There are 4 protein chains.
Amino acid sequence: MPYLDLALLEARSRELLPEPVYDYYAGGAETETTMREATEAWRAWRLRPRVLRGITTAQLGTELLGAPVRAPIGIAPWAYQAMAHPDGELATARAAAATGALMTVSTSANNSLEEVAAAAPGSPQWFQLYRLHSERHTDDLARRAGDAGYRALVLTVDVPVLGRRRRDMEHDFVHRAGVRMANRPPEGEEPTLDGLATATWTFDEIARFGELSGLPVVVKGVLRGDDAVSCVQAGAAAVWVTTHGGRQADPAVSSAYALPEVVDAVGDDVKVYVDGGIRSGSDALTALALGADAVFLGRPIAWGLTTGGERGVAGVLDGLTEELAHAMVMCGLPDVRSVPRDTVTPAR
Amino acid sequence: MPYLDLALLEARSRELLPEPVYDYYAGGAETETTMREATEAWRAWRLRPRVLRGITTAQLGTELLGAPVRAPIGIAPWAYQAMAHPDGELATARAAAATGALMTVSTSANNSLEEVAAAAPGSPQWFQLYRLHSERHTDDLARRAGDAGYRALVLTVDVPVLGRRRRDMEHDFVHRAGVRMANRPPEGEEPTLDGLATATWTFDEIARFGELSGLPVVVKGVLRGDDAVSCVQAGAAAVWVTTHGGRQADPAVSSAYALPEVVDAVGDDVKVYVDGGIRSGSDALTALALGADAVFLGRPIAWGLTTGGERGVAGVLDGLTEELAHAMVMCGLPDVRSVPRDTVTPAR
Amino acid sequence: MPYLDLALLEARSRELLPEPVYDYYAGGAETETTMREATEAWRAWRLRPRVLRGITTAQLGTELLGAPVRAPIGIAPWAYQAMAHPDGELATARAAAATGALMTVSTSANNSLEEVAAAAPGSPQWFQLYRLHSERHTDDLARRAGDAGYRALVLTVDVPVLGRRRRDMEHDFVHRAGVRMANRPPEGEEPTLDGLATATWTFDEIARFGELSGLPVVVKGVLRGDDAVSCVQAGAAAVWVTTHGGRQADPAVSSAYALPEVVDAVGDDVKVYVDGGIRSGSDALTALALGADAVFLGRPIAWGLTTGGERGVAGVLDGLTEELAHAMVMCGLPDVRSVPRDTVTPAR
Amino acid sequence: MPYLDLALLEARSRELLPEPVYDYYAGGAETETTMREATEAWRAWRLRPRVLRGITTAQLGTELLGAPVRAPIGIAPWAYQAMAHPDGELATARAAAATGALMTVSTSANNSLEEVAAAAPGSPQWFQLYRLHSERHTDDLARRAGDAGYRALVLTVDVPVLGRRRRDMEHDFVHRAGVRMANRPPEGEEPTLDGLATATWTFDEIARFGELSGLPVVVKGVLRGDDAVSCVQAGAAAVWVTTHGGRQADPAVSSAYALPEVVDAVGDDVKVYVDGGIRSGSDALTALALGADAVFLGRPIAWGLTTGGERGVAGVLDGLTEELAHAMVMCGLPDVRSVPRDTVTPAR
Ligand SMILES: Cc1cc2nc3c(=O)[nH]c(=O)nc-3n(C[C@H](O)[C@H](O)[C@H](O)COP(=O)(O)O)c2cc1C
Ligand SMILES: Cc1cc2nc3c(=O)[nH]c(=O)nc-3n(C[C@H](O)[C@H](O)[C@H](O)COP(=O)(O)O)c2cc1C
Ligand SMILES: Cc1cc2nc3c(=O)[nH]c(=O)nc-3n(C[C@H](O)[C@H](O)[C@H](O)COP(=O)(O)O)c2cc1C
Ligand SMILES: Cc1cc2nc3c(=O)[nH]c(=O)nc-3n(C[C@H](O)[C@H](O)[C@H](O)COP(=O)(O)O)c2cc1C
């Protein structure tokens, strides 16, 4: 299982990548407290295995807003994948298709949204939207995502301004020369100086972008029950609990902390996704037990792509999926679509 | 008290054993969180000694499903004892007989169940059953256990599949050449490739194996109150709370955490045994206070056998028994058969 | 943002200052437990960001007892500033004026209260009163503060006797030769031998000093709800929750612990200020969420003054203010004057 | 304050003493968990200072069962003081007399109880009783204590058997040649082989020894509320909460944990004393706040005696007393005889 040891993949990536790139991928905001606590927070729970249920294998297949996937483990949107591997997002897309996983494509991709879509026809993809440039250009991206066959629009709302990422400040990290910013505005229309900023967005944007794109809208960046309810009332198809990999507010609550609150607030009918620090099958199972319908991976995919391109990404997805299946059987659970809450209990 | 310093015995064993064997004995599953927490979890409790009770000695004798033992400290089943010492299970059986302790013999023993039984006639033994091979062969083992004079059948149910033990994966640990797998199926009937697997077992197996063997059934591997109740309802004579030494599900709750829940669920009339990380007399006393009727030892016996053969195992049993007696007198407790719950309180 | 890395500023200050001076600034009482816990205690809380509120900038301006300030971040009184920089309190006063911050001037200043007032005409200042000398001289200082245009009198009440500061004892720290004790009694009237001592003060002092000075009185040194209520009943305009930078009682509760208790006790109409261990924008935001109307800085100002004089102090104030603004926008909060309690939750 | 830095005194003692002696004084039972937690447990509380109470000095004088003492800080009984200093218990007794402190004299003293009494005529002393030898000799000691003018008999009940002190086992610690066991039985009557043992004692012993000695009886070794009540019902004048310096049951609850339970159980009219890990004035104040009427010191006295003889012991007592006075004034408390419970709160 060569792509299963994520710590090793990260160590190798650190060797392979220029320091500013590694630090851009690996780092978080301010004191990196939220980033550091992400994995710890899942591991603050313990499994309570069931026995004698006659469970020989677990059924992992599920749907993400109607799209069938092999397992409830998706690819979170992350920027500038060409810095990790020459094929960038295209390799990731092919790996997702090959392993039956859903990929979320970032606005800040190095390949245009149409190119990524074309790299894996038939495989379900979501497009993640930022207000990276002018309002007009942002609206345009939403429309193009609908046209290109994406299955949902993911509004990332936790970047009113960019987080204070000290490592990037130290490196004066700027986009590496020669890497194409594929979803940039057309020539002549300059990107705003302050870059990334969704500060102007309000709950009304949910319905508006839904109409523009013709797609269900997933709101990514929710950490509170009250916000989750407002999103749903404003028309969101699902909410995505995340701290943005600990790259925005710091020290913010961890996803594992916020998840049960959000699940309780929105009730059973609303889909809740989660990411942040998922590094093992039991982390994923813990998230499902706490009420997530699926988990997403950020950095593990980056390390897979860096060290092995398409094969690396597929290896990471296969590895985590196998671990999840193992944990399910260990706990006597037949189906990922109904993991009881009492499968986990707080560690003491 | 040369066999009392268990850390020292383990250190010596590490020197004496080939690394893959030491790691097989010492290691656990995945991040080894559950393994590491086993002892810590007992030590998350503090003793509340009673004074002026006129207690000069403690009565340690008790019964395990009708069999009288010198103290409520038994030997847990563990595999491949011939790797620790040429006499393997036979040495352990003799030490148990010599010290009045009950031994549980593993399916994966290097001596056949009949040989181990013959090594210590009259001394009470339990046989631990795995579905290691074909169903037919497994049924056969249950029958043979009854015939050979074992006093109970211990169904190990926490191995639907083998735990992911990283150390063993690294060493590509396989059974050492030249060591006899005594309870293997007869020539011609091949062991299944995936080896150890009880995934197909259900609660119905409890009564079925009880009938096959004619023995009371102890279900080993229970970590939940609801499961414990189901076992009893399905005919179990007792339940054995364990994480399999942290070698299966990880990160699972520790035995010390699960024990009170199981005790409360099954009530006073059902016997509850426990193992995992018991390393001192006060660990044992804590388990008794939390409701266990007896504790069992895994690795301490392995280190005793490795370093001193039969004498080593007896030394470990004597040492722990003496420590338990000491702790009982210190706490003003006359009898192991009734250790009040309020003898311990959570550490702060 | 050169003055934002407070740890670096402190490290540089340590190099620049004679060891006894650095230790006087940096040290605390007894085991320094309270000092060490000050920052940790703020960081025992986590932010719960709000999204999609359309918040592009945060309004930071507020009033401190009627005096408008740019942000709710003031300068706590600290002694002997001329040891950090030749201009001493005058540099600090000018930096406060330049950045729209309020400065609290200590009785133990190296420049007389009139001189400090004159250094920054128009900029709001508070005068902090000790019973450093005779009662007569202390009364005189209160009167002079009123005459010199100070906007409030801050009674420091947590120094009945000086804390046992081990570092100072080791260095036999005494006021450095050549540094002027500007608010000392006139020649002929000797300072009392035991120096600093407010042990004789009672709640009645609040009204008495208010009348003497003609100023609103802020009681600095409150760590209990009951004491806070007594202060308000005795005529205090506001209470200031502090452990004196961990330089007095030890191990005392931290400010972050005492703050909610005090806020709850005095109710919404009474202003509550807090200091101790505030080192980042999110620390400040946490304090506001817990009910503080403003936070004050001690050592960060000392390190700014040591390393950069007036510019250094201004840099520290600018840096923290910018961080607070950033944290507010991240949390979707428009106005420092109303930060909801549920902006934070205990870390787990 | 040369005898105030207890860590330094201990370090010096370690240099001065033969290793087996140092280890006998410094060590505890089994894993030394209880010993290690003793001081930590006091420091798991934080002070909540009161302000503006006009408290310039604190009144420390109190009574111990009718005997006036300068402060509620006494000397716990500890054995073999001649190993620390040639004058042994006589030096300690003189220091107690000189500082107005009460000394408890151990059965295992190197000077006879009459000699120690004679060393400090008029100064209040208590005699601590063990069943070190035959019952007849033990009764005799009780009678002699009454005759010699001791003010109370302290029954140590937490030594049914000697604790398992690993350091002493390693050194095979035996009483050093040439040191007189002054309270041994007369020639001809041999000490029992197992030495120290109060296992045969019951609650009835309290009244019996009270009658034999004609003295009020303090029961030392109580860690439970129910036991404390039984002691009082059986005629005890007071109970003494202690873990015997972590030298007996391990891991037992700490004194700081047991104290409030005992205080609540016996009510206001019964005196409760406590020892174990008291190392500073704020530790002592915490104990008083939790309901103790006085604290006692073990090892700090040993280090004082080792490093400075009579002067050393007096120095330690003076130092702690001064620290307690300081902490009282810091907390606005006028009198040790009434320290409110809400002076402390659990650390977070
Ligand atoms: C290098 C990097 C770039 C990211 N870029 C984006 C992005 O463009 N859009 C977005 O919504 N989230 C982005 N994220 C956040 C991820 O979608 C995801 O929330 C996070 O990485 C999950 O945590 P994990 O990395 O611990 O798995 C990025 C994360 C990383 C590490
Ligand atoms: C090397 C080793 C082999 C084991 N083999 C078996 C086995 O064959 N059957 C079984 O039911 N449990 C087996 N166990 C689990 C033990 O019965 C027991 O649950 C565990 O060792 C108790 O924890 P301890 O080692 O901390 O005392 C094994 C444990 C070890 C360490
Ligand atoms: C070197 C130094 C001198 C101080 N002098 C005074 C003083 O003269 N008067 C006063 O009320 N507080 C004084 N304080 C306490 C501060 O006003 C303030 O409460 C504390 O420094 C805040 O904690 P911080 O240093 O962690 O920000 C002093 C603090 C320090 C560090
Ligand atoms: C070296 C040593 C000898 C002791 N001998 C006795 C003794 O003879 N009788 C007794 O009741 N307690 C004895 N004790 C326990 C003390 O009375 C006391 O409970 C304990 O030392 C308090 O803890 P501290 O050492 O942390 O202050 C002894 C303790 C020590 C450290």
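This dialogue walks through two ligand sites and the chain interfaces of a predicted model.

Visitor: What should I know about the numbering and the values before I start?

Guide: Residues are numbered from 1 along each chain as its sequence is written, while chains are lettered from A and ligands numbered from 1 in the order in which they are written. Because the model is predicted, local features need pLDDT of at least 70 and side-chain atom pairs count only at pLDDT 80 or more, whereas totals for chains, interfaces and linings use all residues; side-chain values use heavy atoms, with hydrogens and water left out.

Visitor: Which residues come nearest to ligand 2?

Guide: A residue is near a molecule if one of its heavy atoms lies within 4 Å of it. Around ligand 2 there are 23 residues, and those that come nearest are B:Pro77, B:Ser106, B:Thr156, B:Asp275 and B:Arg279. Sorted by class, this shell has 9 nonpolar, 9 polar and 5 charged residues, where Ala, Val, Leu, Ile, Met, Phe, Trp, Tyr, Cys and Pro count as nonpolar, Asp, Glu, Lys and Arg as charged, and the others, Gly among them, as polar.

Visitor: Which residues are closest to ligand 3?

Guide: Ligand 3 is surrounded by 23 residues, the closest being C:Pro77, C:Ser106, C:Thr156, C:Asp275 and C:Arg279. Two of these also bring a polar side-chain atom to an oxygen atom of ligand 3, C:Thr156 at 2.7 Å and C:Asp275 at 2.6 Å, and a polar side-chain atom of C:Thr242 lies 3.2 Å from an oxygen atom of the ligand. Of the 600 Å² that ligand 3 exposes when taken alone, the protein buries 98%.

Visitor: How many residues of chain B are in contact with chain A?

Guide: Contact means heavy atoms within 4.5 Å. By that rule, 32 residues of chain B are in contact with 25 residues of chain A. Buried area is the accessible area (1.4 Å probe) that two parts lose on being put together, summed over both, and between chain B and chain A it is about 2500 Å², of which carbon and sulfur atoms give 58%. B:Arg164, B:Arg224 and B:Tyr257 supply 28% of the area that chain B buries against chain A, more than any other three residues.

Visitor: How many salt bridges are counted between chain B and chain A?

Guide: A salt bridge is a side-chain nitrogen of Lys or Arg within 4 Å of a carboxyl oxygen of Asp or Glu. The count between chain B and chain A is 5, and in one salt bridge the side chains of B:Arg164 and A:Glu322 meet (3.0 Å, N to O). Across this interface of chain B and chain A, 13 residue pairs are in polar contact. On the side of chain B that touches chain A, α9(B) gives the most, with 3 residues.

Visitor: What joins chain D and chain B?

Guide: Here 32 residues of chain D are in contact with 25 residues of chain B, and the buried area is about 2400 Å². One of the salt bridges is formed by the side chains of D:Glu261 and B:Arg48 (2.6 Å, N to O). By contrast, no contact joins chain B and chain C, whose closest C-alpha atoms lie 16 Å apart.

Conventions. Polar contact = N/O pair within 3.5 Å; in protein donor to acceptor, adjacent residues only side chain to side chain. Helix = DSSP H or I, 4+ residues; strand = E, 2+ residues; numbered from the N terminus. Areas by Shrake-Rupley, 256 points an atom, 1.4 Å probe, with all protein chains shown as cover.
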